[in-house]
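Visitor: I have a structure to look through. Please show me how to read it, feature by feature.

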Amino acid sequence: MEYADVAIKMAKTNLSDPYTLLAPPFDNPVVSLNKILAEKKIQLNLTHGTTTLGFKYRGGIILCADSRATINDTIATENSKKIVELDKCLLGTIAGCAGDCVHWHRELTSECRLYRLQNGDKNIPVTTASKFMHNVVNRLLGMGLSMGLILAGYDPQPDGAKLIYVNHEGDRIEGNLFAVGSGSSYALGVLDHGYNWEMCDEEAFDLARRALYNAISSDPCSGGCIQLYHITEDGWKIVPTEECQQFTNIQPEFVVPMDVDDDVSMPID
């Protein structure tokens, strides 16, 4: 077999087995990679930003995200899709390096389909999906991955609604509320103030929109349109983008004024 054929076969391992992601072609990449990049003056760790959030309440689960994709200080697109549809009752959010996120999305989607074939057309439990991703990430610790994902959906009773956060550092955390990305602190400020388990659907939609709009207004790496999904035991549905756009147009009070002089005192209600 020629060398080119061997190289192609090795590269295809990324597609055939998520546990054998092709590593750099030198010994001990965890230690050596940063040294080689410094010697060659190559910047691998590009800055990137986003805002995604999710929370549970008595009416189900809400996932919300912006749609801006950036490379360093450049806006690549305002129309990226950061909430991905993995199964009938399972969604995930994307934050981090686009290549790494596409990789986990592809592998987890395949795992969901395989589970359905092996288990009589049953949905993969959120807990199972999160453990699969957790195992993948732990095999690749220190390899330069950059991703943080929120998995949301419904497991069979009595477990019910599940919201689980997994990141490239090997963390796997289950909770009621998460925000991920460069604008997460701005979103959490609104969520912490307005979150209430007993909210109705419209109140939950409004809270998610306000939280994300606050992040978009304050974080330059977040922007575009607001993507909003609602998950119940019957599956997920998309809240129309038009409704989110109308909300953005009528909420100027959430924009932080940037042209106020330092010596002008702001009135306090």
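Visitor: How many bridges join strand 2 to strand 11, and do they run parallel or antiparallel?

Guide: Some ground rules come before the count. This is a predicted model, in which local features need pLDDT of at least 70, side-chain atom pairs count only at pLDDT 80 or more, and totals for chains, interfaces and linings use all residues. Residues are numbered from 1 along each chain as its sequence is written, and side-chain values use heavy atoms, with hydrogens and water left out.

Guide: Strands of a sheet pair through backbone hydrogen bonds, either parallel or antiparallel. Two strands count as paired if DSSP finds at least two bridges between them. Helices (H or I, at least four residues) and strands (E, at least two) are DSSP runs, numbered from the N terminus. Here, strand 2 (residues 60-65) and strand 11 are joined by 5 bridges and run antiparallel. Cys64 has Leu228 of strand 11 as its bridge partner.

Visitor: What does strand 11 form with strand 12?

Guide: A hairpin, with 2 residues between the two strands. Leu228 stands opposite Val239 of strand 12.

Visitor: How many salt bridges does the structure hold?

Guide: The criterion is a side-chain nitrogen of Lys or Arg within 4 Å of a carboxyl oxygen of Asp or Glu. The structure holds 9 salt bridges. One of them joins Asp66 and Lys82, at 3.0 Å from N to O. Asp66 lies in the loop between strand 2 and strand 3 (69-71), and Lys82 in the loop between strand 4 (74-77) and strand 5 (83-87), so the pair ties together parts 16 residues apart in sequence. Asp66 and Lys82 are both buried.

Visitor: Which residue forms a salt bridge with Asp87?

Guide: Arg116 does, with the closest N and O atoms 2.6 Å apart. This pair links distant parts of the chain, 29 residues apart: Arg116 sits in helix 4 (residues 98-118) and Asp87 in strand 5. Both Arg116 and Asp87 are buried.

Guide: Arg106 and Glu107 also form a salt bridge, with 3.8 Å between the closest N and O atoms. Arg106 counts as partly exposed at 34% relative accessibility, while Glu107 counts as buried at 8%. As for shared partners, salt bridges join Asp87, Arg116 and Asp121 into one network.

Visitor: At roughly what angle do the axes of helix 4 and helix 5 cross?

Guide: Two packed helices are described by the angle between their axes and the distance between the axes. Axes are lines fitted to C-alpha atoms, for helices over the stretch in contact, and angles run from 0 to 180 degrees between N-to-C directions. The axes of helix 4 and helix 5 (residues 126-139) cross at roughly 135° and come within 11 Å. The contact (heavy atoms within 4.5 Å) involves Trp104, Glu107, Leu108 and Glu111 of helix 4, with Ala129, Phe132 and Met133 of helix 5.

Visitor: In what order do the 5 strands of the open sheet come?

Guide: The order is 5-6-7-8-9, with antiparallel pairing. Strand 5 and strand 9 (172-174) are the edges, each pairing on one side only.

Technical notes
Buried means under 20% relative accessible area, exposed over 50%, partly exposed in between (1.4 Å probe, protein chains only).
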